[in-house]
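Trainee: Could you take me through one part of this model up close? I'd like a single connected account.

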Amino acid sequence: DTHEPGNDTLVGAPVFNLADSGAIETVGDVDYWYFDKTTTVHLDLPPVGIPIEVEVVDASGKPVPGSGGPFTDEGPIFVMQGEYLRVWALNEWQAASSARSVYYLSVEAP
């Protein structure tokens, strides 16, 4: 995860750029992504990876009501400008090597 440890907080969240990836490599790791424009994102998970959960949160880190999350499987996630995605292991005690904890985010094709 090239954005560690900066993306562990809202303040350090990198701006999402068309396609990005991260990994939950340590127990308790949480990744944040900032969206500077309204975007529909596709979440892609490896078939042998640990279960990952994704949620749309606001600038205070609270879940955005009506955002449809938390998301635990592949598919589109709608994120408004100024919102964040929070990514973490579904099971708090779980983490893995990058090959098994990686996730991919990309702009959903129209």
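Mentor: Strand β4 (residues 52–57) and strand β6 (residues 84–89) run antiparallel, joined by six bridges; two strands pair if DSSP finds at least two bridges between them. Strands here are DSSP runs of E, at least two residues long, numbered from the N terminus. This is a predicted model, where local features need pLDDT of at least 70, side-chain atom pairs count only at pLDDT 80 or more, and totals for chains, interfaces and linings use all residues. Residues are numbered from 1 along each chain as its sequence is written, and side-chain values use heavy atoms, with hydrogens and water left out.

Back to the pairing: isoleucine 52 has alanine 89 in β6 as its bridge partner. As for cover, six of the six residues in β4 are buried, meaning under 20% relative accessible area with a 1.4 Å probe, protein chains only (exposed is over 50%, partly exposed in between). In a regular strand, side chains alternate between the two faces of the sheet. In β4, Ile52, Val54 and Val56 point one way, while Glu53, Glu55 and Val57 point the other, and all are buried.

Over on β6 (residues 84–89), have a look at arginine 86, which lies over the face of tryptophan 88, at 4.0 Å from the ring centre. A charge counts as sitting over a ring if NZ of Lys or CZ of Arg is within 6 Å of the ring centre and within 35 degrees of the ring normal.

Methods
Helices (H or I, at least four residues) and strands (E, at least two) are DSSP runs, numbered from the N terminus.
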